[in-house]
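Hello,

Here is the structure for your files. My notes follow below.

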Amino acid sequence: GAQTIVADASGRVLLSPFANAALATAGTGDVLAGAIAGLLAQDVEPSTATGLGVYLHGAAGELYADDYGSSGLLASELGAGIARAAASMRRGE
């Protein structure tokens, strides 16, 4: 399937609930890597940072698709979606 799987050395496996075609565009993987790096820079444990980064990245793709459809996302637009998704998580939505 199209979902992202995150696994760590302890055997913990996380499956992203998102499979969004909007994220299948140049540069979105770089944005994902940056989101994970930003979480690591905040001292989030590596497997947690990876799982959370993947979740926020996928949630941002869903937000974009809800607003604009499943194509046309530019990587430069994804950061705002990640911030929106993180804010939604903090509010408990």
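What is the mean pLDDT of the protein chain? The mean is 93, and 99% of the residues reach 70 or more; pLDDT is the predictor's confidence in each residue, from 0 to 100.

This is a predicted model, in which local features need pLDDT of at least 70 and side-chain atom pairs count only at pLDDT 80 or more, while totals for chains, interfaces and linings use all residues. Residues are numbered from 1 along each chain as its sequence is written, and side-chain values use heavy atoms, with hydrogens and water left out.

Core: the largest nonpolar core has 13 residues, of which Leu56, Leu73, Leu78 and Ile82 touch the most other members. Helix H2 (46-68) and helix H3 (75-90) each supply at least two residues of this core. A nonpolar core is a set of buried (under 20% relative accessible area, 1.4 Å probe, protein chains only) Ala, Val, Leu, Ile, Met, Phe, Trp, Tyr and Cys residues joined through side-chain atoms within 4.5 Å. Helices (H or I, at least four residues) and strands (E, at least two) are DSSP runs, numbered from the N terminus.

Contacts (heavy atoms within 4.5 Å): leaving out residues up to four places away in sequence, Leu73 touches Ala22, Leu23, Thr25, Thr28, Tyr64 and Leu78.

Met89 lies in helix H3. Met89 and Leu56 are 33 residues apart in sequence, with 9.0 Å between their C-alpha atoms.

Regards

Technical notes. Buried means under 20% relative accessible area, exposed over 50%, partly exposed in between (1.4 Å probe, protein chains only).
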